[in-house]
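Student: I would like to learn how to read the features of a model. Please give the general idea each time, then the case.

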Amino acid sequence: VRVRRALNLGIDKQQMVTSVARGGQAPATHYVPDFTGLGYAEQVAADKAAGTDPFASPDLAFNPERGRALLKEAGYEVVKEGDNYRAVGLPPIEILYNTSEGHKVIAVALQDMWKRNLGVSATLRNEEWKVMLKNYRDGYYQVMRFGWTADYNHPNTFLDQFLSQSPANQTGWSDPAFDEAVRKAAAEPDRKESIKLYRKAEEIVVAAMP
């Protein structure tokens, strides 16, 4: 998990959306979009106003120095070699993406950011959509490009894909505490309290960085 967190901290998401994707996207620090309905957006606004937004943490923003420290904690010391960094002992990480020039430029930018900011080498693997989907289902990947479009306007549509028994969960990660947190949130009859519980469940999955 420390390696996964380090990789996240090594990505300048603002630069990624401004200079690479260039589609007016908002950099994400968590899975559920802030504008999600049925009370989620209101809870986000309340958390931000109170200074208690769990996803505004410095540990979720661009922070290469913290990322290099986490790699060292995980057993991969990052050393300076001239103007560059190298994560000692960490094998190259493969980035899988499906055929598209748009996906390719993002993968190349990601490869460059990890090398420049963390000293992590990455290789690129490009596959046609159907081939990539099969390898996704078979777990034959390390890091891959993927997306999720909401089926309905509620945080559960983003979080249930990480449940242990969800057919959408192909990450190899699961956590009984997360499963229970989502169950409690779904069972809570008070909408405001339910949304707060969903945010708590989201904290668990964001901390794990699956």
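Tutor: Helices (H or I, at least four residues) and strands (E, at least two) are DSSP runs, numbered from the N terminus. Just after H2, Arg 22 takes a positive phi of about 55 degrees. This is a predicted model, in which local features need pLDDT of at least 70, side-chain atom pairs count only at pLDDT 80 or more, and totals for chains, interfaces and linings use all residues. Residues are numbered from 1 along each chain as its sequence is written, and side-chain values use heavy atoms, with hydrogens and water left out.

Student: How many residues does the largest nonpolar core have?

Tutor: A nonpolar core is a set of buried Ala, Val, Leu, Ile, Met, Phe, Trp, Tyr and Cys residues joined through side-chain atoms within 4.5 Å. The largest has 22 residues, and Met 16, Leu 71, Trp 114 and Val 120 have the most contacts inside it. At least two residues each come from helix H1 (2-9), helix H2 (13-21), helix H4 (64-73), strand S3 (93-98) and helix H5 (101-118). H5 gives the most, with six residues. A second, separate core of 20 residues includes Tyr 40, Leu 159, Phe 178 and Val 182.

Student: How many aromatic pairs does the structure hold?

Tutor: Rings of Phe, Tyr and Trp (its six-membered ring) pair if their centres lie within 6.5 Å; planes under 30 degrees apart count as stacked, over 60 as edge-to-face and the rest as tilted. There are five aromatic pairs. Tyr 136 and Tyr 141 form a tilted pair, because their ring centres are 6.0 Å apart and their planes are at 40 degrees. Trp 173 and Phe 178 are also tilted, at 5.8 Å centre to centre and 55 degrees between the planes. Phe 178 is buried, with a relative accessible area of 0%.

Methods: Buried < 20%, exposed > 50% of the residue type's maximum accessible area, 1.4 Å probe, protein only.
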